[in-house]
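Me: Got a model here and I'd like to go through the labels on it. Can you back each one up with its cut-off?

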Amino acid sequence: MSQDDKTNQQWGGRFNEPTDAFVQRFTASIQFDQRLYRHDIQGSVAHATMLEKAGVLTSDERDQIIQGLAEVQADIEAGRQEWSIPLEDVHMNVESALTQKIGITGKKLHTGRSRNDQVATDIRLWLRDEIDAIAAELTRLQAGMIDLAAGEADTIIPGCTHLQTAQPVTFGHHLLAWSEMREREFGRLP
């Protein structure tokens, strides 16, 4: 482990020996959470904007951070970002890349927020995007069911109640019932 990696660990200064590589891999979440990079950067841009409004950053520092974050995102999307296990997570990897680009001003971005704050924000932003994607697919599924139901309005099938054959229904009517169940799922999405 390099000295730079040791100094970037939040808790690294508490021990006399470097962390075992197995322990680093076991405790690091970067393999999973690197997919949150866009959300982490989006939250960091908002945080930098807030820090400037609160008087913690100058407008030049805010602009430098936002530009640096845009460059970090471009590097990630171009495959130029090397993810570091010793840096543990997406937050520390992005902050390290930012600091390498713009210098010590990049460290000011961490003012007033914890890594737990970043995790909560990133996950909420990621979930919001995922819910939008799920909602779009539910809408597409419902539209397909409704189209199919219109074409099957005269197709008779046996209805069932408690796994017992009941009154005849149309396949179109049955499909509309399934479409309504999907509508209830919209209500379950926050």
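**Labels and cut-offs**

Me: Why is glutamate 88 called buried?
Reply: Glutamate 88 has 10% relative accessibility, so it counts as buried (under 20% relative accessible area is buried, over 50% exposed, in between partly exposed; 1.4 Å probe, protein chains only). Bear in mind that this is a predicted model, where local features need pLDDT of at least 70, side-chain atom pairs count only at pLDDT 80 or more, and totals for chains, interfaces and linings use all residues. Residues are numbered from 1 along each chain as its sequence is written, and side-chain values use heavy atoms, with hydrogens and water left out.

Me: What makes the phi of glutamate 88 worth a look?
Reply: Most residues other than glycine have a negative phi. Glutamate 88 isn't a glycine, yet its phi is positive, about 75 degrees. You'll find glutamate 88 in the loop between α5 and α6 (helices are DSSP runs of H or I, at least four residues, and strands are runs of E, at least two, numbered from the N terminus).

Me: And histidine 162, buried or exposed?
Reply: Histidine 162 comes out at 73% relative accessibility, so it counts as exposed. Its phi is positive too, near 50 degrees, and histidine 162 sits in the loop between β1 and β2.

Me: How do you know that β1 and β2 pair?
Reply: DSSP has to find at least two bridges between two strands. Strand β1 (residues 156-161) and strand β2 (residues 164-170) have five, in the antiparallel sense. They form a hairpin with two residues between them, and cysteine 160 stands opposite threonine 165 in β2.

Me: How do you know that aspartate 33 has no salt bridge?
Reply: A salt bridge puts a side-chain nitrogen of Lys or Arg within 4 Å of a carboxyl oxygen of Asp or Glu. For the buried aspartate 33, the nearest side chain of opposite charge, arginine 115, is 7.3 Å away, with Lys and Arg taken as positive, Asp and Glu as negative, and His and the chain ends not counted. A polar atom of the aspartate 33 side chain does lie 3.1 Å from the backbone nitrogen of valine 90.

Me: What makes a set of residues a nonpolar core?
Reply: The members are buried Ala, Val, Leu, Ile, Met, Phe, Trp, Tyr and Cys residues joined through side-chain atoms within 4.5 Å. The largest one here has 16 residues, and Leu98 is among those touching the most other members. α4 (37-53), α5 (59-77) and α6 (90-102) each give two or more residues to this core, and α6 gives the most, five.

Note on methods. Polar contact = N/O pair within 3.5 Å; in protein donor to acceptor, adjacent residues only side chain to side chain.
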